[in-house]
Amino acid sequence: MKVALVGIGKIARDQHAPAIAADPNWELAATVSRSGRLPDVEAYTDIGAFLAARPDVPVVSLCLPPVPRFAAAEAALSAGRHVMLEKPPGATLSECRKLADLAQASGVTLFATWHSRAAAMVEPARAWLADKALRSVVVTWKEDVRRWHPGQDWIWEPGGLGVFDPGINALSILTRILPGKAHLTEATLEVPENKQAPIAAQLRFHHPSNAPVTADFDWRQEGDQIWRIDVETEQGTLCLDGGGASLLIDGEPQTGGRDALDDEYPTLYAQMTQLIASRSSDTDFEPFRHVADAFLLGRRQPVAPFFE
Ligand code: NAP
């Protein structure tokens, strides 16, 4: 299946292009980006021009930042193309809903991807937790923004999400593995004086079990990076670490996840193949709803200005 990549930046180069190249079901037919391009791939700078010139490309994979993404997604769906969205699926929940409705009306597939859900040990963690009684859930997602997002000014602007850009990965895993639905009750957003988006956030959720569920996101982490979810249950403890790559149950390392050679983005493209074949969509916006709730309910705390 031919696919066009839109927004040739870090994630398109690091993950999407190699995943497409490695999968015999896919062919990278074009790129659309104002300045970015990939070797030996036909390049467009405008989505409208691409859609008009290449009706033979049925799938468009959008790797733009969230704010400019909606217009491209709307244009592609309206032109009858199947669409993959990078996370987060948009800049607002209303945009996301509109895209899901448009895909349905157009009879095409919309896949709102959550790459962290495709991490090796997420499904084994979900399976283990399914019949457990929760005591507490602690999410710790701490990374160095200078290391992972160099030069990405959009990430600090309205709609860029700040620390929720990685934090939503944790929420995408949490909403997949927890039995029962939690909802946000409290948030603190630490916002640098010279930025629009938070550099750190602390969240608290209500879960039907009454087990405390908390999350601590921080972009000021130097040294070891932490992407971990610790769950204490009546029947034992679970630690999902490395962003979902490793799993400890009662301190014992577990195996049985996806093949080690298989990684997140190849899994997403394999899922897209299946969605198109079954004429269905996958539009779970729940992780993004928690982020929206944090921005609605969060107490803003100004912190020291941030300079890259
Ligand atoms: P990026 O490196 O900044 O690349 C995004 C590309 O989009 C830019 O190179 C730019 O290419 C294009 N673009 C079009 N309109 C833009 C605008 N108004 N502002 C900025 N860029 C614009 O970003 P990225 O890291 O690839 O992230 C893109 C999306 O992927 C985000 O939603 C992010 O959350 C997600 N993601 C990123 C990572 C990661 O590790 N970086 C991991 C997973 C998911 P042109 O200038 O050529 O148009």
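**Close-up views of a predicted model**

**View A. Strands β7 and β10 (residues 213-218) run parallel and are joined by six bridges.** The model is predicted: local features need pLDDT of at least 70 and side-chain atom pairs count only at pLDDT 80 or more, whereas totals for chains, interfaces and linings use all residues. Residues are numbered from 1 along each chain as its sequence is written, and side-chain values use heavy atoms, with hydrogens and water left out. Within this pairing, Val137 has Val213 of β10 as its bridge partner. Strands here are DSSP runs of E with at least two residues and helices are DSSP runs of H or I with at least four, numbered from the N terminus; two strands pair if DSSP finds at least two bridges between them.

**View B. Nine strands make an open sheet with mixed pairing.** The strand order is β14-β13-β12-β11-β7-β10-β9-β8-β15. The edges are β14 (252-253) and β15 (299-303); each has a single partner strand, so one side of each lacks a neighbour in the sheet. Helix α7 packs on this sheet and touches β7, β8 (183-192), β9 (200-206), β10, β11 (226-233) and β12 (236-241), where contact means heavy atoms within 4.5 Å. The direction of α7 makes about 155 degrees with that of β7 (axes are lines fitted to C-alpha atoms, for helices over the stretch in contact; angles run from 0 to 180 degrees between N-to-C directions). Helix α9 (residues 286-297) also packs on the sheet, touching β8, β9 and β15. Its direction makes about 65 degrees with that of β8.

**View C. Lys142 lies in strand β7 (residues 134-142).** The side chains of Lys142 and Asp216 are joined by a polar contact of 3.4 Å (a pair of N or O atoms within 3.5 Å; within protein, one must be able to donate a hydrogen and the other to accept it, and residues adjacent in sequence count only if both atoms are side-chain atoms). Leaving aside residues up to four places away in sequence, Lys142 touches Asp216, Asp218, Gln221, Gln225 and Ile226.

**View D. Another open sheet has six strands with parallel pairing.** Its order is β3-β2-β1-β4-β5-β6. At the edges are β3 (42-44) and β6 (110-112), each pairing on one side only. On average, neighbouring strands of this sheet are turned by 20 degrees against each other, direction ignored. Strand β2 (residues 27-32) pairs with β3 in the parallel sense over three bridges, and Ala30 stands opposite Glu42 in β3. Helix α8 (residues 264-277) packs on this sheet, where it touches β1 (2-6), β4 (59-62), β5 (82-85) and β6. The direction of α8 makes about 150 degrees with that of β5.

**View E. The ligand is surrounded by 23 residues.** The closest are Ser33, Ser35, Gly36, Gln152 and Asp165. Oxygen atoms of the ligand are 2.8 Å from a polar backbone atom of Ile11, 2.8 Å from a backbone N or O atom of Gly36 and 2.8 Å from an N or O atom in the side chain of Trp154. The ligand taken alone exposes 860 Å², of which the protein buries 81% (accessible areas come from the Shrake-Rupley method with a 1.4 Å probe). Helices α1 (10-22) and α3 (66-78) are the elements that give two or more residues to the shell; α3 gives the most, with three residues.

**View F. Two loops hold backbone features.** Lys87 and Pro88 are joined by a cis peptide bond with omega of about -15 degrees. Pro88 is in the loop between β5 and α4 (93-106). Leu161, although not a glycine, has a positive phi of about 80 degrees; Leu161 lies in the loop between α6 (145-148) and α7 (164-177).

Key:
A residue is near a molecule or strand if one of its heavy atoms lies within 4 Å of it.
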